[in-house]
Every structure is written in structure tokens, then in C-alpha cells.
Amino acid sequence: MNIPVADLQKRVSSHFEVLGLSDEHAAQMAEVILEAESEGNAGHGLSRIAQYTAQLRARGLNTKPAMRLERTKPGVAVLHADGAPGPVAGLRAVRELTSLAKEQGNATAAVRNAGHSGVLSAYVGRLARQGLVGLAFANTPPAIAPGPVLGTNPIALGAPADPEPVIIDTSVSVVARGKIINAAKRGEPIPEGWALDKSGNPTTDAKAALEGSLIPIGGGKGFALAVLVEVLAGALAGDILSSDLPVPWGPPEQTSKPGLLLVAFDPAAFGGRYGARVSQLVNALEAVGGRIPGARRAALREKAMREGIFINETLREELGKLGIDLQGGDA
């Protein structure tokens, strides 16, 4: 079943409105979720609605957050999110950071006490489309070996370029935990090299992987990157470490509220020839057959806008149980 993106936006927004979010916040939730889904990141797409729904119903997330922005320094802002859903707080931080970075030349925004933010590409991409080079760092519940003590701790970059921004959004584990959660839901095995069971042995069982730990990219290098993100997003921005965050499948009233650090640079403030240099980089990568980060996301998004988003039967049934009826979609 393929359903137009605009149709899904209305249905998902309506679902979050019923749960108590304002029209604006419900639309923002749908926007970030569908952006992930349309760009091929299903682990942060429609499959996450069940988690967010349970958390909102259990008051693990605040349906009426009174978010407060604190300007601690000329180029630094802290958004106290009051338990807001992550996409709601993240998009608010992007708006504030955009104006601040254009005013200061570079600026930083920390998001504190908000739920799971979803794909970081949603935030750095918006910064890039405003002409800013954006960075994002988020800590997550403990997941990677050894331990686990550290989360998959994603890192993202959004850089203005022509015709599409360069977008990098990657976790420090071999695979994002969302993909393993999806495999566990479907009862499917995972590839070797993704995870260890709780005894530290390699496993292809998705449920055993969730009880154990994920393998970091590049071994010790990935582990070091996780520490880097933990310092920036956990200790600095969120004032909470991965080891203190509940796992996503825990009681919904105990929702994880990780840290999110957003940084933006205005290329105009640095002089030089930013646009020409990025074009030079992109052309050089294309000449040797290299992949331009963000190009595949853009192509998938354009296809989804033309053809709609494919919803398999398992996901359709899951959304139906939540009250999102997709039977009216185009077959």
C-alpha cells in the first residue's frame, strides 16, 4: 500500500492531536517522523509512533510543555524542554539557533529534558537549508560494547551545497538500534557483526542483541567517538549520561530524556570561498565515484513525494491498533 505523504501527514498529525499535543506540535511530530520514513530511515520513522504514543499516554512525555529558552552567553542558548517530545524541542532549538548563529557568526544550542529526538538529519538539514553549517550530537540509552555504558550516540553534519546539502547522520555503532528493534518486532534475524548477546557472544538474534550490546564502528575508534558525544551531548548539553537513561522498551512513564547539542556556523562570517570549496569537494568525490552523503536521502525523499510511502501489512496493522486507519490510502 502506497500512501501520499500529505495524506500521512494529516493522519499522523491528527493522531498526536488526539493524544493531547497542540496542532503545531502534532504537525512537527508527523513532519520529522515522515521525513525519516521517506528518506529510508524506517527505524526512526512510522515504527516509532507506537513508542511515542505509549510515552504520551503514560505522561512520560509532556503533551503541553512550557519550554523555556535561556541565553547563558551571547552565542549559547539552553532550551529547557519541560519533557517535550524530542522533535518538538529539536525544531524549536533549530529556529532559535538559526537566528542566533546568523547574528553571532556561530552559536550553540543545548536541548535538555526532551524525549527521543529522532533523526538528527532533520535538524542539521534545516540549518543547512538556511545557509548554515550545522552539527548535532545526541547521547542515547546504553547500547554499545563493552558494558553497555555508552549509547549509540549519533553525530550529524549538515552543510549547504548545490543542488542538495551534504548530510551526514551516523551512529557510532555498526548499526542503529532502531533497525534491531524493527527486526525484533518482525521476528527476523540480524546480520553477523551487528551485536553481542548479554554474555558477550556474537548473535544474529535481534531480541538477544537488545538484551546485550551493539558493536561500535571501528572497534576502539567507535568507542572513543561515543565518549566524545557523551561529553558534548550528555555531560555538557543534557546534564545526563547514557547510563542514566532508560531503554526505549522500558516502562513508558520512564521515558528517556537525552541531551542534544546543536552547533551552527555562518560561512559568511569566516570569509573565504565556502561555496566554491564545497562544490570542488563534491565534484572531486563524484569524479572518483564516491558517494555524496545526503544524495541518497534526497533521491528517496523526492521519490516518496511522487509515489507516496509504502506501508507494509505489519506496519499497517500496528498503526491501526494505535488508531491510525490507513485503509483509505491508495492501493
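Is glutamine 51 buried or exposed?

Reply: The model is a predicted one. Glutamine 51 is buried, because its relative accessible area is 16% and the limit for buried is under 20%. This glutamine belongs to helix H3, which covers residues 49-57. Between glutamine 51 and arginine 277 there are 42 Å in space, taken from C-alpha to C-alpha, and the two are 226 residues apart in sequence.

Alanine 101 sits in helix H4, residues 86-104, and is buried with a relative accessible area of 0%. From alanine 101 to proline 4 the C-alpha to C-alpha distance is 35 Å, with 97 residues separating them in sequence.

Next comes the sheet. Seven strands form an open sheet with mixed pairing, in the order S2-S3-S4-S11-S5-S6-S7. Its edges are S2 (68-73) and S7; each has a single partner strand, so one side of each is left without a neighbour in the sheet. From one strand to the next, the twist averages 15 degrees. Within this order, strands S5 (residues 133-138) and S11 (residues 260-265) run antiparallel and are joined by six bridges. One of the residues involved is alanine 138, whose bridge partner in S11 is leucine 260.

One aromatic pair is found in a search of the whole structure. It consists of phenylalanine 265 and phenylalanine 270, with ring centres 6.2 Å apart and planes at 65 degrees, so the pair is edge-to-face; the cut-off for that class is over 60 degrees. Phenylalanine 265 is partly exposed at a relative accessible area of 25%, whereas phenylalanine 270 is exposed at 54%.

Together with Ile217, Leu225 and Leu228, Val174 makes a nonpolar surface patch of about 280 Å².

To return to the residue asked about: glutamine 51, in helix H3, is buried.

Methods:
Residues numbered from 1 in each chain as written. Predicted model: local features only at pLDDT ≥ 70, side-chain atom pairs only at ≥ 80, totals over all residues. Heavy atoms only, no water. Patch = residues over 30% accessible without salt bridge, like charges linked within 9 Å, V, L, I, M, F, W, Y side chains within 5 Å. Areas by Shrake-Rupley, 256 points an atom, 1.4 Å probe, with all protein chains shown as cover. Salt bridge = Lys/Arg side-chain N within 4 Å of Asp/Glu carboxyl O. Phe/Tyr/Trp six-rings, centres within 6.5 Å; stacked < 30°, edge-to-face > 60°. Buried < 20%, exposed > 50% of the residue type's maximum accessible area, 1.4 Å probe, protein only. Pairing = 2+ DSSP bridges. Helix = DSSP H or I, 4+ residues; strand = E, 2+ residues; numbered from the N terminus. Axes fitted to C-alpha atoms, helices over the stretch in contact; angles between N-to-C directions.
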